[in-house]
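Here's a quick briefing to read with the structure open beside you. Take a look at the model first, then work through the topics below.

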Amino acid sequence: MPVVVDVGVGDEATTTVEMLDRLIPGCTVVGTEVEEWRLQALEKSTLPSQVQLRRGSTDFELPVRGGEAVHVIRAMNVLRDYHPQDALKALHTLSADILQLPLNDAPAIVQATLSISLVVAEGERPL
């Protein structure tokens, strides 16, 4: 079953839940968060059964379990306050799992990751 990871779910997990309707049918969305108090508050809320909350890490290692195939990683809001070079480093760490997919599954994901990387890096350079 495909896994989609939303890095940094925030206070309400709004985008995490919205991803269920917009992405791969039948996927599981894993929302990660480094703030324990946010996870505790979200665990008390009513989330769809396809959403799993997991503790994230500040080094951007994905909390995936054996046998899970990560197909999409969303890390936009969590990276917006980072210096562009630090954001690129985080994107490379995050993409390590998806780059291990079989070749027929990887190109679109790699392309999306590279596009995001270029947009983040563009902030460094004048147009």
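Of the 127 residues in the protein chain, 37% are buried. Keep in mind that this is a predicted model. The chain has 5 helices and 4 strands, and if you read along the sequence they come in the pattern β-α-β-α-β-β-α-α-α. Now look at contacts between residues at least 6 apart in sequence: 59% of them join residues at least 24 apart.

**The cores**

- The largest nonpolar core has 15 residues, and the ones touching the most other members are Val5, Val7, Leu62, Leu79 and Leu94.
- Two or more residues of this core come from each of β1 (2-7), β4 (69-74) and α4 (84-95).
- The top contributor is α4, which gives 5 residues.
- There's also a second, separate core of 11 residues, and Val9, Leu20, Val29 and Val51 are among them.
- As a bit of background, nonpolar side chains in soluble globular proteins tend to be buried together.

- In helix α1 (residues 14-22), the buried residues are Thr16, Met19 and Leu20.
- They sit on the same side of α1 because they cover an arc of only 110° around the axis.
- Turn to the face pointing away from that buried side and you'll find the exposed residues Asp21 and Arg22.
- What do the buried residues of α1 pack against? Their partners are β1, β2, β3 (51-55) and β4.

**The largest pocket**

- The largest pocket holds about 350 Å³ of space.
- Its lining is made of 22 residues, with Val7, Gly8, Glu33, Val34 and Val78 lying nearest the centre.
- Sorted by class, the lining has 9 nonpolar, 8 polar and 5 charged residues.
- Both β2 (28-33) and α3 (76-79) supply at least two residues each to this lining.

**Val7 and Thr32, two residues in touch**

- Leaving out residues up to four places away in sequence, Val7 touches Thr32, Phe60, Leu62, Ile73, Arg74, Ala75, Val78 and Leu94.
- Thr32 is part of strand β2.
- Is Thr32 buried or exposed? Thr32 counts as buried because its relative accessibility is 5%, and the cut-off for buried is under 20%.
- With residues up to four places away again left out, Thr32 touches Val5, Asp6, Val7, Gly8, Val9, Arg54, Gly56 and Pro63.

- Ala13 lies in the loop between β1 and α1, and at 0% relative accessibility Ala13 counts as buried.
- The phi angle of Ala13 is near 55°, a positive value in a residue other than glycine.
- Phe60 is in the loop between β3 and β4, where Phe60 is buried with a relative accessible area of 9%.
- Phe60 has a positive phi too, near 65°, and again this is a residue other than glycine.
- Glu35 is in the loop between β2 and α2 (36-43), and with a relative accessible area of 33%, Glu35 is partly exposed.
- How far apart are the C-alpha atoms of Glu35 and Gly56? They are separated by 8.2 Å, although these residues are 21 residues apart along the chain.

How values were computed. Residues numbered from 1 in each chain as written. Predicted model: local features only at pLDDT ≥ 70, side-chain atom pairs only at ≥ 80, totals over all residues. Heavy atoms only, no water. 1 Å grid on protein atoms, 1.4 Å probe; cavity = no way out; pocket = protein on both sides within 12 Å on 5 of 7 lines; lining within 4 Å. Points joined across faces, edges and corners; volume = space filled by probe spheres on them. Nonpolar A, V, L, I, M, F, W, Y, C, P; charged D, E, K, R; others polar. Core = buried A, V, L, I, M, F, W, Y, C linked by side-chain atoms within 4.5 Å. Buried < 20%, exposed > 50% of the residue type's maximum accessible area, 1.4 Å probe, protein only. Contact = heavy atoms within 4.5 Å. Arc of directions from axis to C-beta.
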